[in-house]
Amino acid sequence: MESNSETRQHALLSSDYGIQRTQYPYVTGTSVVALKYKDGILMAADMGGSYGSTLRYKSVERIKPVGKHSIIGASGEISDFQEIMRYLDEQVLNDNMWDDRNSLGPKEIHSYLTRVMYNRRNKFDPLWNTLILGGVKKGQKFLGMVTMIGVNFEENHVATGFGNHMAQPLLRAEWHENLTFEEGVTLLEKCMRVLLYRDRSAVNKFQIAKITEEGVTISQPYALKTFWGYKAFENPTVGAEGSW
């Protein structure tokens, strides 16, 4: 007959016992949009955190610096993003301890993230995020994306979540490699405004991050000017006979 302590130990070692990380997303963030511009990378995201369909939190920072040369933005489960940031902080700390006058660049961090996400997917315990990693090192701009199952690629402009459907057409039409900082910010704001109109999980409180050879700058939160008087907004079901 097992003692109480043996029973507890067996429960702790059991594969069915209390997995600490989420198996299903609870508090989530929506789209992140990023692009290359003349001098570096620009990235934008709103600050909403949705608890199911309720926009519960309105000051969630989903863009973070990683080391000296990179920034990361995440959509999806907020607690999983916090776990990913813990992994990245450990990597940056270990890299700094070598004190070899070298530091992790965006390509290395992006590669590391692909392995982390694919590894967790193979354990059927994925980190429920889509990540954008951008950076500049030795004059080379890098912008890539990693999904929750490890699918990854590099591109001149990327978007996650609803932005992959609503923002990408704008980016394809207006992006060019010689965008100035002002033109890049204007294009990102245009994308975020469209997403604000169309995405119920978006909130009118944004941050835009910039990374160049000089370093990382993340803006203070701000709101965009909007106009809700469009006829399509006033009567969205007009002409849709037979719809709900």
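Strand β2 and strand β11 (residues 157-159) run antiparallel and are joined by three bridges. Strands here are DSSP runs of E with at least two residues, helices are runs of H or I with at least four residues, and both are numbered from the N terminus. Two strands count as paired if DSSP finds at least two bridges between them. This is a predicted model, in which local features need pLDDT of at least 70 and side-chain atom pairs count only at pLDDT 80 or more, while totals for chains, interfaces and linings use all residues. Residues are numbered from 1 along each chain as its sequence is written, and side-chain values use heavy atoms, with hydrogens and water left out.

Is strand β2 buried or exposed? A residue is called buried under 20% relative accessible area, exposed over 50%, and partly exposed in between, using a 1.4 Å probe and protein chains only. Six of the six residues of β2 (residues 32-37) are buried, so the strand is largely enclosed by the rest of the structure. Both of its faces are covered, with Val32, Ala34 and Lys36 buried on one side and Val33, Leu35 and Tyr37 buried on the other.

A second hairpin is formed by β6 and β7, with three residues between the strands. Strand β6 (residues 63-66) and strand β7 (residues 70-77) run antiparallel and are joined by four bridges. Within this pairing, Lys64 stands opposite Ile72 in β7. In the turn, Gly67 has a positive phi of about 65°.

The C-alpha atom of His69 is 9.0 Å from that of Glu214, although the two residues are 145 residues apart along the chain. Glu214 is in the loop between β12 (206-212) and β13 (215-218), and Glu214 is exposed, with a relative accessible area of 73%.

Asp99 is exposed at 69% relative accessible area, and Arg101 is exposed at 88%.

Next come the charged side chains. A salt bridge is a side-chain nitrogen of Lys or Arg within 4 Å of a carboxyl oxygen of Asp or Glu, and the structure holds six of them. One joins Arg62 to Asp46, with the closest N and O atoms 2.6 Å apart. Arg62 lies in the loop between β5 (54-57) and β6, and Asp46 in strand β3, so the pair ties together parts that are 16 residues apart in sequence. Both Arg62 and Asp46 are buried.

Another salt bridge links Glu83 and Arg86, with the closest N and O atoms 2.9 Å apart. Both residues lie in helix α2, three residues apart, which is about one turn of the helix. Glu83 is buried at 14% relative accessible area, whereas Arg86 is partly exposed at 39%.

Lys190 and Glu174 also meet in a salt bridge, at 2.5 Å from N to O. Lys190 belongs to helix α6 (residues 181-198) and Glu174 to helix α5 (residues 168-174), so this pair ties together parts that are 16 residues apart in sequence.

The last topic is the aromatic rings. Rings of Phe, Tyr and Trp (its six-membered ring) pair if their centres lie within 6.5 Å; planes under 30 degrees apart count as stacked, over 60 as edge-to-face and the rest as tilted. By this rule there are eight aromatic pairs. In one of them, the rings of Trp228 and Phe233 have centres 5.6 Å apart and planes at 40°, so the pair is tilted. Trp228 is partly exposed at 45% relative accessibility, and Phe233 is partly exposed at 25%. Trp228 and Phe233 belong to one aromatic cluster with Tyr197, Phe227 and Tyr230.
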